[in-house]
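Trainee: I would like to go through this structure and ask what stands behind each label.

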Amino acid sequence: MESILLGLHIAVRMTVLLAIFFLLNRLYRSRRHLFWRTAGIGLVVLLVALVSLPEITASAQVAPSDPGAPRDSSAATDPAISRPTNLTTAMEMGDADRVRQLTKEGRWHITEGDSTELFDGQTLKGWWALSDQWTVQDGQIVCPTSEQIHFAISEIVIDEPFQLRYEVSALERSHGDGKMVGFVDAAGYNMLVALDDDEPHTIQIDSGRKFFDESGIYGPWQREVAADLQMQIGKWYDVVCTVAGSNFTVSTGDVELSHPFEPEFPVFIWLEVQRTGAKYRGLRISKL
């Protein structure tokens, strides 16, 4: 439909331009008016083109796909499941009461039982992948190397102290890139654990108040604590994140970091890959 409208729009513009051309040509038939005739035609064509360009561009523009659209086709077609139209309305950052209401409406799901798998090993069901880069390969969530930063948000949230265990492996390394798992509470405050590609290769905790937009998740961020961790390509790192009391703790077995964090529940979880690729597996959340 957009192509037909664009074609009609261009046809109308071309007809107007031709009509102006013939009109000017009849008005300035004398050779001594050749210069002014040429200049006049050029000026009119330029003005009409400048006026019509934004309209043609707007007519041809196709609305981008909703970055918050569920990848599970059954969820998209089930009228009983109310889905947010974008991340801003979905998360309502800074409004804890609204976030709780959204979970009651079924837009986000509070984890049930003492332990919950966040990844079924076969599909991205239960994740809002904010780009088409995220795939499942060999029982792993994979995001390849690209020029962008990519995010995937879990549809499952937790409303009490918990522990998240996962494994992460780097596909490549490049200065300034990282492979992250983040946590954001209902009021918009967050903690982020990152295996970073900076020298020396480190594991770190960042914090800040965050917001969502159409492109994903952004800062401002502040590095709180970090430790040396020689990140190797292809090696799997077993990471345990604990949110309990007023503390956030990250452990890899060899390294342990901690920073104050007393969230307002529920808490959301997301994966982030900064350009150089990574893969995740074994994502499990347990109540404490």
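Mentor: Start with a cluster: ring pairs link Phe 162, Phe 183, Phe 248 and Phe 261. Keep in mind that the model is predicted.

Trainee: What makes Phe 162 and Phe 183 an aromatic pair, and what makes the pair tilted?

Mentor: Their ring centres lie 5.8 Å apart, and the cut-off for a pair is 6.5 Å. The angle between the planes is 40 degrees; under 30 would be stacked and over 60 edge-to-face, so the pair counts as tilted.

Trainee: Where in the chain are Phe 162 and Phe 183?

Mentor: Phe 162 is in strand S8 (residues 162-170) and Phe 183 in strand S9 (residues 178-185), 21 residues apart. Both Phe 162 and Phe 183 are buried.

Trainee: How many aromatic pairs are there in the whole structure?

Mentor: The search finds 5. One of the tilted pairs is Trp 134 with Tyr 280, whose ring centres are 6.5 Å apart with the planes at 40 degrees. The pair joins distant parts of the chain: Trp 134 is in the loop between S3 and strand S4 (135-137), while Tyr 280 is in strand S19 (residues 278-287), 146 residues away. Trp 134 and Tyr 280 are both buried.

Trainee: How do you know that a charge sits over the ring of Trp 236?

Mentor: The charged end of Arg 281 is 3.8 Å from the ring centre, against a limit of 6 Å. The label also requires a position within 35 degrees of the ring normal.

Trainee: Why is Ser 169 called buried?

Mentor: The relative accessible area of Ser 169 is 1%, and buried means under 20%, so the label follows. Ser 169 belongs to strand S8 and touches Gly 234, Lys 235, Trp 236, Ala 278 and Lys 279, leaving out residues up to four places away in sequence.

Trainee: What backbone angle is noted for Asp 138 and for Arg 275?

Mentor: Asp 138 has a positive phi of about 55 degrees although it is not a glycine. Arg 275, also a residue other than glycine, has a positive phi near 60 degrees. Asp 138 is in the loop between S4 and strand S5 (140-143), and Arg 275 in the loop between S18 and S19.

Trainee: Which peptide bond is cis?

Mentor: The bond from Phe 265 to Pro 266, with omega near 10 degrees. Pro 266 is in the loop between strand S17 (256-260) and S18.

Trainee: How do you know that S6 and S18 pair?

Mentor: Strand S6 (residues 149-154) and strand S18 (residues 267-274) share 5 bridges in the antiparallel sense, and at least two are needed. In one of them, Ala 152 has Leu 271 in S18 as its partner.

Trainee: What makes S3 and S14 edge strands?

Mentor: The open sheet has 7 antiparallel strands in the order S3-S6-S18-S9-S10-S11-S14. Strand S3 (127-129) and strand S14 (222-228) each have a single partner strand, so one side of each lacks a neighbour in the sheet. Neighbouring strands are turned by 20 degrees against each other on average, direction ignored.

Key: Residues numbered from 1 in each chain as written. Predicted model: local features only at pLDDT ≥ 70, side-chain atom pairs only at ≥ 80, totals over all residues. Heavy atoms only, no water. Helix = DSSP H or I, 4+ residues; strand = E, 2+ residues; numbered from the N terminus. Axes fitted to C-alpha atoms, helices over the stretch in contact; angles between N-to-C directions. Phe/Tyr/Trp six-rings, centres within 6.5 Å; stacked < 30°, edge-to-face > 60°. Buried < 20%, exposed > 50% of the residue type's maximum accessible area, 1.4 Å probe, protein only. Contact = heavy atoms within 4.5 Å.
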